[in-house]
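Grab a pencil and keep the 3D view open.

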Amino acid sequence: MKTRHLIQSAGLSLLASAAMADTPVLTVYTYDSFSSEWGPGPAVEAAFEETCGCDLQFVGTGDGAALLSRLRLEGTRTEADIVLGLDTSLLAAATDSGLFAPHSVEADYDLPIDWTDETFVPFDWGWFAFVGNAGAEAPTSLRALADSDLKIVIQDPRSSTPGLGLLMWVKAAYGEEAATLWSDLADNIVTVTPGWSEAYGMFLEGEADAVLSYTTSPAYHLIAEEDGSKVAWPFAEGHYMQIEVAAKLAGTDQPELADQFLAFIVSDGFQSVIPTTNWMYPAKVPAEGLPQGFETLIQPEQSLLFEATEAEALRAEAIEEWRAALSQ
Amino acid sequence: MRRTGTLYAVLVLAIVLLPVLAVLRAGSVNLTFGAADWAALRFTILQAALSTMFSVVLAIPVARALARRRFVGRGALITLLGAPFILPVVVAVTGLLAVFGRNGLVNSMLDWFGLPIVSIYGLWGVVLAHVFFNLPLAVRLLLQGWALIPAERFRLAASMNLPVWHLLEWPMLRAAVPGAGAVVFLICLTSFAVALTLGGGPGATTLEVAIYQAVRFDFDLGRAAVLAIVQLLVGLTAALAAWRFAINGALGGGLDRVVARWDTAQLRTRVADGFWLCLVGLLLVLPLAMVVLRGLPALGDLPAAVWPAMGRSVLVAFCAAAISVGLGLFIALRGGWPATFAGAAPLAVSGMVLGTGLFLLLFPVVSPATAALPVTALLNALVGLPFALRALGPAIATAEAAHGRLADELGLTGFARMRWLILPRIRPALGFSAGLAAAFSIGDLGVITLFATEAGQTLPLMMYRLMGAYRMEEAAGVAFLLLGLSLGLFWLFDKGGRINAEA
Amino acid sequence: MLRLEGLRVEQGSFAIGAHWPEQAPGIIALIGPSGAGKSTLISAIGGFLPATAGRILWNGQDITGLAPGQRPTATLFQDNNLFPHLTIAQNIALALRRRGMSTADQKARIAEGLAQVDLAGLGDRKPAQLSGGQQSRAALARVLLQDRPVVLLDEPFAALGPALKAEMLDLVKRVLSDRLVLMITHDPQDAARIADRVSVVADGEATSPEPTQGILQNPPDSLRAYLGQ
């Protein structure tokens, strides 16, 4: 019995792979935590494959910065049809690379700003924020934080997108005064980590009073762990935003399928997965609304965001400013 | 066989250098070396030099105590000495923070006594972490030096009432310390995550951080390659300097031996040895215990994908061990400058540039997903190579000195000599090298981030992905698994090398 | 037939020379004071040291530049004559390695060799499991099976007691009498016991071998000085 069963299933899988050979494959490059089994990847894949008659394959490569760097390494020979997970701070460089084609998606986004980019389709977004413990001292602005004795962990803007986000946040809020703020923040910074994970882990271990993360981070603890002890600090200067986008590769061999996927991104099938797997706000709130728990999150009154080319122009100088202020 | 060795050494150098050249070629050469780069170079050398000094100087009394004391748990302590080096950096840092961090054991105690707490972050934090990683390694390297002093010499010194330190130990250390120091220096030179996490800010920027930025954010490959070449030159210079000053000391075999000594009964030396052993024991065991304590509760909740990932990691580790020992054997037989360069270059090269360069070279030929595991195994093997060379070289020399004449007499050359003389005589060193390479490979994230897909993830990659998804507890569970696997594999190979390996 | 033609071997500032006519099979004792160069000469003939001048000829053929394994010689050293990690049988099998023999033939030859040195049945032991005398016999069996016409003995029995040494010398005479054996010794009694020729090694030279009987009864000055007569 057992043998026959094995043969049968072997036959089935042969059939299956024969069927696969005829199915078009859509290759989507994304960052690791999107494609991993606890990220949005599996649910998105299942939902899209239901309708597309295709095989959607995610390729996860490090973080957002690694993603763009890999695409540039591969150049026009890349097998990617779609890239999913570039963030606003990388858009100028991504546009300059000339690797991407315009999209035809039209949607009514629920973003704090107007989105009109012709190449990139936003799929989720969030505000950067310092996340601390509920009930503890909470400063109300970047300035108040710099003047306090509170300890924070941040990420390095040279190796991490949240780190770069904070750099832009300070620049957007303080402009010419950014260097002064960094100097005053220096004694609050416990350390600067290479990536988000290390920093967040250190905060959870009690190494700091707060960590640079997102306003949505407390939702993870609340919903996944039923732990309401983490809060994001609302700051008077406003909060810098991160918008994550997807785009079609100019050299794709599946242009129709790629367009279909970009359209799918702004539909409920994709958007309803985002809040509790990627722990960000969906770019277009699905019909059923946001999951319970998200209503407890802080809602910054002012959203800050540099335009892509402006951010790119500011970056080198801002990093040098940051380095000089913190190296004292 | 000599020619094979040269060939392999050249192959190793090619695997290290070609990717650097590929990166250089892909970018526009940018020779500007700004103030920030000079600062990074200075800090890189400063922290590496300090870390090396503390690791090696502290290793001397510890290795001496281990060499001359027999006590319960001595074997276990020696096995544990291999642990920090093979731990993924992020795991080790978590363990260290649990002891020395703001909320750690040390500061809790200080606080309890009403004393001000101390901060681990900054240059000294980086040095502390590097000492945690490398002191045990240096102890193992030096312990070998003690094992090479023949027991009869101690007897002779005792019968003539001569000072053992002056007569036997100091000359041995003069031969062994430069080599051990060079290995530690090279490891600290390319430090990325430790320097960044514990450095406390951009003042603690190493060259590797600048390289990372150049590749990831600026996509300035020319600059990345130039920085990598500067780093490589510093490393090779250090290795050559050590080679000039050092007589090769052995690394493998004979660790279990306690030589009978007649100079160790005084209370003073007993107290001193006890102090050093307790110190290194605490420095080692406390952070490791923290990793275990945090990981154990999560072990039941690990996602199912952890098991195939573990299988892949073990497979990669076995391949890395085989390649490392295979290359090491032939290169060690060859000796000389090829061995020196082949033993230094893999440690001195920038991991970021190596991975990127290999990607550029391989991508046109083979899909990155297919190449992910083989490339990871190969690069892990290369990192194990310097240690394999340090273990195998002296073991081969010893076998040749004792039995080479008989092998000549019997006309044993080439592979027959390898089979009947070399291999059986150097088995403990082979086991040690294979164990180290395997254990290191298990914990190494390496280049897999650049190549891997969902289907091919290894255990360290999975740990990072769990961390990236807020799942710190599960990540701690995987970290515990990594620690256990690393130690288990090292123990397995090391023991395997010793079974039936009679004199 | 072994001939040394103006042979000169140097080791640092030390040198030894020998000029010997053709030597037929039999046992030649090399006798002389410590440091006279007996081992140096033997090593050069065995191929472990290069000759600085002159030639070593075997049956008229120049063998001066050959590797040890390619010479018609087999050497027993003072120590390390067996690989400690191999059994006695494996050690001896290495001597038969290049003969293209079947495994069964090899086994038979090894058993025969062991029997000749009175070690029958001990082939499975490792050297450390044998006594000093048995190790010497095993090493002798190795040389026997190497089947080289010239056997060089560099004091392999020096560590044995007088009775055991005498036993080993008799064994050498019994099993190797058809070959040319060069044997280093300090003791004229060893020479008298088995050697048919003696070469006196002193003052930088190994004299041409002379019959034992005559040379011991009427020693030349150099030997007389060594013997304290």
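Here come some exercises, each with a worked solution.

This is a predicted model, so to speak of a local feature we need pLDDT of at least 70, side-chain atom pairs count only at pLDDT 80 or more, and totals for chains, interfaces and linings use all residues. Residues are numbered from 1 along each chain as its sequence is written, chains are lettered from A and ligands numbered from 1 in the order in which they are written, and side-chain values use heavy atoms, with hydrogens and water left out.

**Exercise 1. Find out which pair of chains has the most contacts.**

Step 1: Look at the pairs. Two pairs of chains touch, and chains A and B have the most contacts.

Step 2: Check chains A and C. No contact joins them, and their closest C-alpha atoms lie 44 Å apart.

**Exercise 2. Describe the interface of chain B and chain A.**

Step 1: Count residues. Chain B brings 55 residues and chain A brings 60.

Step 2: Find the area. The size of an interface is often given as the accessible area lost when the parts come together. Here about 4,800 Å² is buried between chain B and chain A, 61% of it on carbon and sulfur atoms (accessible area, 1.4 Å probe, that two parts lose on being put together, summed over both).

Step 3: Look for charges that pair up. There are four salt bridges across this interface, a salt bridge being a side-chain nitrogen of Lys or Arg within 4 Å of a carboxyl oxygen of Asp or Glu. One joins Arg102(B) to Asp209(A), at 3.6 Å from N to O.

Step 4: See which element of chain B gives the most to the side that touches chain A. That's H21(B), with seven residues (helices are DSSP runs of H or I, at least four residues, and strands are runs of E, at least two, numbered from the N terminus).

Step 5: Sort that side of chain B by class: 34 residues are nonpolar, 13 polar and eight charged. Nonpolar covers Ala, Val, Leu, Ile, Met, Phe, Trp, Tyr, Cys and Pro; charged covers Asp, Glu, Lys and Arg; the others, Gly among them, are polar.

**Exercise 3. Work out how H14(B) and H22(B) pack.**

Step 1: Locate them. In chain B, H14 spans residues 306-334 and H22 spans residues 472-498.

Step 2: Read the geometry. The helices pack at an angle of about 35°, with axes 12 Å apart (axes are lines fitted to C-alpha atoms over the stretch in contact, and angles run from 0 to 180 degrees between N-to-C directions).

Step 3: Sort them: 12 are nonpolar, with no polar and no charged residues.

Notes: Contact means heavy atoms within 4.5 Å.
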